[in-house]
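Let's take a walk through the inside of a protein model together. Keep the structure open beside you as you read.

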Amino acid sequence: MKRISMIALCPVLIFILFSQTFAQELKPIQLPKPQVDGGRPLMQVLKDRSSSREFNSEKLPLQVLSNLLWAASGVNRPESGRRTAPTAANWQEIDIYLAMAEGLYLYNAKSHMLNPVLSEDIRALTGRQPFVKDAALNLIYVADFSRVGRGTNEEKDFFSAADTGFIAQNVYLFCASEGLATVVRANIDRPTLAKTMKLGPDQRITLSQTVGYPKK
Ligand SMILES: Cc1cc2nc3c(=O)[nH]c(=O)nc-3n(C[C@H](O)[C@H](O)[C@H](O)COP(=O)(O)O)c2cc1C
């Protein structure tokens with residue numbers, strides 16, 4: 001009797017193992033073209049810009065992710081590769097990682113793609129506040145000091161912090177325009193997050209920013 005139930009269970013166990021293995025494999029995502037002719041008037045968006053800490057976990061559609069990342073730091077002048085946010089000496093040293101339920105991705109602005117980094121849900125590690133684990137998306141801004149041409153580490157910290165600020169404000173404005181909730185955050189356990197993200201010695205987490213639909 002026991003043997004029969006084991007035999008009957010076998011396909012079920014194989015299915016569970018198989019589906020878990022494949023569920024964990026992330027693939028690169030080509031984002032749709034950003035919709036650059038939308039958005040509300042700038043002065044109204046500035047009037048509405050604010051931090052919010054109440055999110056629901058509804059996923060952001062791919063088109064919204066595309067528009068958000070382009071607004072954040074996408075290429076707006078393809079002939080020169082320059083971006084929607086300024087960077088000191090055009091070093092473009094800030095990378096945007098995306099922590100979502102399905103895993104961690106890195107935004108490639110040039111190809112407007114999301115490249116897989118980790119097939120783990122690390123949202124809870126992106127900040128010390130409870131809402132980070134439930135929101136659809138936590139952006140993690142990471143400076144790559146190897147792209148900063150000159151200066152002491154203190155100067156590199158300054159440039160990276162300033163350059164992150166411009167990106168974060170672009171995200172704030174996009175969210176205000178689209179009715180999304182967002183808050184930029186410095187309260188992060190950086191060593192633990194950097195280790196989980198497997199960052200290299202030249203990489204520094206500057207800030208994180210939660211984005212999602214507001215809790216109703
Ligand atoms: C550099 C920086 C770090 C911040 N860190 C956090 C944070 O860790 N957690 C948080 O809830 N808000 C954080 N904020 C959001 C501020 O608390 C918020 O901007 C401020 O209270 C003003 O509110 P407002 O954005 O709605 O105008 C941070 C803002 C900045 C600019």
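Start at Leu137, which is in contact (heavy atoms within 4.5 Å) with Leu60, Leu65, Leu68, Leu98, Ala99, Met100, Gln209, Thr210 and Val211, leaving aside neighbours within four places in sequence. The model you are looking at is predicted, so local features need pLDDT of at least 70 and side-chain atom pairs pLDDT 80 or more, while totals for chains, interfaces and linings use all residues. Residues are numbered from 1 along each chain as its sequence is written, and side-chain values use heavy atoms, with hydrogens and water left out.

Leu137 also belongs to the largest nonpolar core, where it is listed with Leu65, Leu98, Leu114, Leu139 and Val211 as having the most contacts inside this set of 34 residues. A nonpolar core is a set of buried Ala, Val, Leu, Ile, Met, Phe, Trp, Tyr and Cys residues joined through side-chain atoms within 4.5 Å; buried means under 20% relative accessible area (1.4 Å probe, protein chains only). Helix H3 (62-73) gives the most to this core, with six residues. (Helices are DSSP runs of H or I with at least four residues, strands are runs of E with at least two, and both are numbered from the N terminus.) Strands E4 (94-100), E5 (103-108) and E7 (137-144), together with H4, each supply at least two residues too. A second, separate core has 12 residues, among them Tyr97, Ala99, Ile140 and Ile188. In soluble globular proteins, nonpolar side chains tend to be buried together.

Conventions: Buried means under 20% relative accessible area, exposed over 50%, partly exposed in between (1.4 Å probe, protein chains only).
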